[in-house]
Amino acid sequence: MDYADPPFRTILVANRGEIAVRVIRTAKAMGIRTVAVYSEADRSSLHALVADEAVYIGGPEPRDSYLNIEAVIGAAKKTGAEAVHPGYGFLAQRADFVERLEEEGITFIGPPARIQRLVGDKLGARRFFQGAGVEVVPGTFTAVEAKDAPSIAEELGYPVIVKPAGGGGGIGMRIAWSEEELVKAMRDASELAGKAFGRLEVYLEKYLPKARHIEVQVIGDGRGGVLHLFERECSVQRRFQKVVEEAPSPALDDERRERLLSIALKAAKACEYVNAGTFEFLYDPSTDKFYLLEVNSRIQVEHPVTEMITGIDIVREQILVAAGEGTSFKQEEVELRGHAIEARVYAEDPLNGFAPSPGVLKAYRPPEGPWVRVDSGYYAGSEVPMYYDPLLMKIVCWGATREEARRRLVAAIEETVVEGVATNLALLHLVLNSEPFVSGDYNTRILEDWGLLDKLGEYTYRRAAVGRPAKEASPAPKAVEAWKLAARFYGA
Ligand code: ADP
């Protein structure tokens with residue numbers, strides 16, 4: 001497609017780090033002028049440097065900058081931005097932000113406020129989708145009081161999981177294997193929910209310990225159609241947060257894949273989904289059933305694995321749909337090709353309780369090579385601020401087969417050099433080489449049940465000796481005429 005006439009002249013990216021850089025790249029490729037916003041802590045961040053224009057919007061605390069709706073809108077108006085892409089996190093799922101943009105006549109590149117409200121309320125969403133004939137994870141449909149929890153848990157059957165109704169990001173969820181644990185879990189979850197989300201309500205679900213997290217990438221074209229871009233498997237998690245993701249899921253054969261995709265499309269049609277979204281499911285291999293877990297109304301961190309197996313740029317589709325142009329592809333044109341795996345490299349210290357490890361990147365050399373994609377918001381000498389999610393880079397490798405993709409990713413991790421901050425690179429290497437991951441037969445408890453976290457303390461791997469300066473400079477070469485050099489190559 002030629003963008004002599006791009007869908008927007010200017011868009012503002014209301015985010016930072018790798019996702020802001022990634023959105024800016026696609027916008028540029030479409031011929032759209034890009035505006036970045038940055039906080040005090042991000043003055044020399046990559047996203048602010050690669051955009052056509054960058055606007056300072058406030059202090060380093062997210063509430064003063066990336067969560068400051070009026071500051072973001074002020075920057076959009078000042079720069080003449082016609083649309084705003086929110087990335088993920090920050091303002092990406094805020095219905096009030098979408099509505100404020102509407103008032104200003106600025107387009108939100110994402111699902112409308114109506115969808116944000118519906119899927120942002122976990123209990124409301126459970127009621128809606130169950131009512132629409134989409135099976136959700138067994139559990140309650142209203143908030144649960146501490147005094148009622150034991151009898152409800154008895155009925156569901158232990159183990160159960162206590163979840164904050166206003167939750168997200170895996171925060172505050174607690175598993176209980178007995179009534180005694182449940183009493184404590186109710187107290188802890190509610191307390192954390194109050195602190196993190198300003199809402200005390202919690203609810204219960206049956207906890208499925210052998211489940212796999214499998215999600216479907218959906219795009220509503222804004223013209224009444226919903227399309228899918230196949231599924232991603234995201235079962236490698238730590239504390240309910242994804243660490244390694246892959247597409248397609250090694251758990252599904254064609255029959256199961258068809259079944260999952262049709263459930264996801266049914267759910268997306270029921271809520272008249274618009275723009276990009278992810279329908280997350282828990283797959284229980286013991287019963288061979290898919291349960292809807294939640295809907296994420298934004299682009300997700302792990303979207304590149306889908307882009308690599310389909311060849312479709314999801315950000316570009318988001319922009320086209322937001323501009324009212326529909327998707328650039330038809331469902332029957334989407335083909336699943338090969339396999340892709342993503343590893344999230346964090347500036348954190350796995351040997352110190354995974355504490356975030358902010359600091360200056362003294363050395364920084366991301367991997368390269370055929371079928372290796374790196375999405376990052378950093379460069380050598382830049383700083384990982386303490387204020388934000390410490391995701392350093394995502395390394396995504398494609399292969400004709402799952403094993404080829406896996407080997408490429410292992411080699412890419414061995415080539416990666418990061419100095420100045422602690423990283424989880426060793427954990428990623430360990431996981432990718434572990435027996436359950438290699439076989440593809442794993443679930444959301446892979447780190448705990450296969451003892452991978454316990455092995456980490458002693459785990460070492462061979463890092464390629466790149467990125468380190470040579471001890472001595474080689475002697476200065478004598479000037480050589482070009483023809484002589486060429487002769488050396490071609491043996492003349
Ligand atoms: P959040 O919205 O906070 O990210 P989710 O409901 O999406 O929380 O759950 C995150 C992860 O927690 C899931 O991918 C899964 O690993 C685990 N989980 C959540 N609910 C259950 C459940 N009922 N049974 C088993 N695992 C669960």
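**Helix packing, salt bridges and buried residues: a quick tour**

Okay, let's start with a pair of helices: α4, residues 95–103, and α5, residues 113–120, have axes 8 Å apart and pack at an angle of about 170 degrees. The axes here are lines fitted to C-alpha atoms, for helices over the stretch in contact, and the angles run from 0 to 180 degrees between N-to-C directions. Helices are DSSP runs of H or I with at least four residues, strands are runs of E with at least two, and both are numbered from the N terminus.

Before I go on, a word on what you're looking at: this is a predicted model, where local features need pLDDT of at least 70, side-chain atom pairs count only at pLDDT 80 or more, and totals for chains, interfaces and linings use all residues. Residues are numbered from 1 along each chain as its sequence is written, and side-chain values use heavy atoms, with hydrogens and water left out.

Back to our pair. α4 and α5 are therefore roughly antiparallel to each other. For the labels, under 35 degrees is roughly parallel, over 145 roughly antiparallel, 65 to 115 roughly perpendicular, and the rest oblique. On the α4 side we have Ala95, Asp96, Val98 and Glu99, and they meet Ala113, Gln116 and Arg117 in α5. Contact, by the way, means heavy atoms within 4.5 Å. The residues of that α4 and α5 contact split into three nonpolar, one polar and three charged.

Now another pair. Helix α7, residues 149–156, and helix α8, residues 179–197, have axes that come within 10 Å and cross at roughly 125 degrees. That makes α7 oblique to α8. Who makes the contact? It's Ala149, Pro150 and Ala153 from α7, with Glu179, Leu182 and Met186 from α8. Sorted by type, the residues of the α7 and α8 contact are five nonpolar, no polar and one charged.

Let's move on to salt bridges. A salt bridge here is a side-chain nitrogen of Lys or Arg within 4 Å of a carboxyl oxygen of Asp or Glu. How many salt bridges does the structure hold? There are 44.

One of them joins the side chains of Lys394 and Glu18, at 3.0 Å, N to O. Lys394 sits in strand β21, residues 391–399, and Glu18 in helix α1, residues 17–29, so this pair ties together parts that are 376 residues apart in sequence. Both Lys394 and Glu18 are buried. Buried means under 20% relative accessible area, exposed means over 50%, and partly exposed is in between, using a 1.4 Å probe and protein chains only.

Arg22 is buried, with a relative accessible area of 6%, whereas Asp313, at 24%, counts as partly exposed.

Next, Arg212 and Glu233 form a salt bridge, with the closest N and O atoms 3.1 Å apart. This one links strand β9 (residues 212–220), where Arg212 is, to strand β10 (residues 226–238), where Glu233 is, and the two residues are 21 apart. Arg212 counts as buried at 5%, and Glu233 is buried at 0%.

There's also a network of salt bridges, linking Glu215, Arg232, Lys242, Glu245, Glu280, Glu302 and Arg344. Have a look at Arg232, which is in strand β10 and counts as buried at 0%.

Ser39 lies in strand β2, residues 33–39, and counts as buried at 0%. Beyond residues up to four places away, Ser39 touches Tyr56, Gly58, Gly59, Pro60, Ser65, Tyr66 and Tyr388. Ala267, in helix α9, residues 254–270, is another one at 0%, so buried. With neighbours within four places left aside, Ala267 is in contact with Phe129, Val134 and Phe279.

And finally helix α13, residues 425–432: eight of its eight residues are buried, so α13 is largely enclosed by the rest of the structure.

How values were computed. Nonpolar A, V, L, I, M, F, W, Y, C, P; charged D, E, K, R; others polar.
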